[in-house]
Amino acid sequence: AFFGFTMAVFLGIVAGFFQGRWMDRIVTGFAVTGVSVPHYWLGLLMVIVFSVQSNLLPAGGMGAGGSQAWQWDWAHLRYAIMPIITLSVIPMGIIARTVRAAVAEILGQEFVQTLHAKGLLNRRVLWHIVKNATPTVLAVSGLQLGYLLGGSILVETVFNWPGSGKLLKDAIDTRDLPMLQGTILVLAMFFVVLNLLVDMLQSVVDPRMRRT
């Protein structure tokens, strides 16, 4: 999630500053493609290309020993590359388009022209633009992080990755109703708490929200 959101914000800012140019078209095309591609289809395609045909990355699992023996080294991280990319594509597309639209809108406002007229350096102007776009980006990012939990069901199944998604899938297959209800309840509580934290962060970043 952190990888996808960071890349999306960066690409959205670049596209917003260079709107109408070739860089903006590339980022917009990538964002539209990312939003349109289903998680499970992209996961299967990556397994075929990078595991079956080229043998560059493992097709699934978490390495020798599973989740109990997980370590932050290349031998184990290579198992996470394809699941991370697969889960990040759709949020990257949505957040990149949102950031691009927010930055493009802010660039057209009068206060940006005033900042340039006062002689502020470009990096200072960029800071003010990013600060004004942050509340919108936080709201969309919070929703996308919650939606990742739902999309992880198919992705974790494709890559045989142990997690909440695979736990839900196994509970459905075995008709384990208590496990299914408990997992859904925990995920729903996580989604609600996450959106509450996002609202609190928005009020910290944007003082105008505290006055409403």
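This is a predicted model: local features need pLDDT of at least 70, side-chain atom pairs count only at pLDDT 80 or more; totals for chains, interfaces and linings use all residues.
**Stop 1: α1 and α2**

Select residues 2-17, helix α1, then residues 22-36, helix α2. Helices here are DSSP runs of H or I, at least four residues long, and strands are E runs of at least two, numbered from the N terminus. The two helices pack at an angle of about 140 degrees, with axes 8 Å apart. Axes are lines fitted to C-alpha atoms over the stretch in contact, and angles run from 0 to 180 degrees between N-to-C directions. That angle makes α1 oblique to α2. Under 35 degrees counts as roughly parallel, over 145 as roughly antiparallel, 65 to 115 as roughly perpendicular, and the rest as oblique.

Now show the side chains. From α1, Leu 11, Val 14 and Ala 15 make the contact; from α2, Met 23, Asp 24, Val 27 and Phe 30 do. Contact means heavy atoms within 4.5 Å. Of these residues, six are nonpolar, none is polar and one is charged. (Ala, Val, Leu, Ile, Met, Phe, Trp, Tyr, Cys and Pro count as nonpolar; Asp, Glu, Lys and Arg as charged; the others, Gly among them, as polar.)

**Stop 2: Phe 30**

Stay in α2 and centre on Phe 30. Its relative accessibility is 36%, so Phe 30 counts as partly exposed. Buried means under 20% relative accessible area, exposed over 50%, partly exposed in between (1.4 Å probe, protein chains only). Beyond neighbours within four places in sequence, Phe 30 contacts Leu 11 and Met 92.

**Stop 3: annotated spans**

UniProt, in an unreviewed entry, places "transmembrane region" at residues 6-23, 30-52, 77-96, 137-159 and 179-201. Select 30-52: 91% helix, 0% strand, end C-alpha atoms 25 Å apart. Then take 77-96: 85% helix, 0% strand, ends 26 Å apart by C-alpha.

**Stop 4: Met 46**

Go to helix α3, residues 39-53, and pick Met 46. At 9% relative accessibility, Met 46 counts as buried. Finish with a distance: the C-alpha atoms of Met 46 and Met 82 are separated by 7.0 Å, though 36 residues apart along the chain.

Note on methods:
Residues are numbered from 1 along each chain as its sequence is written. Side-chain values use heavy atoms; hydrogens and water are left out. UniProt positions are given in the numbering used here, feature names are shortened, and annotations may be inferred rather than shown by experiment.
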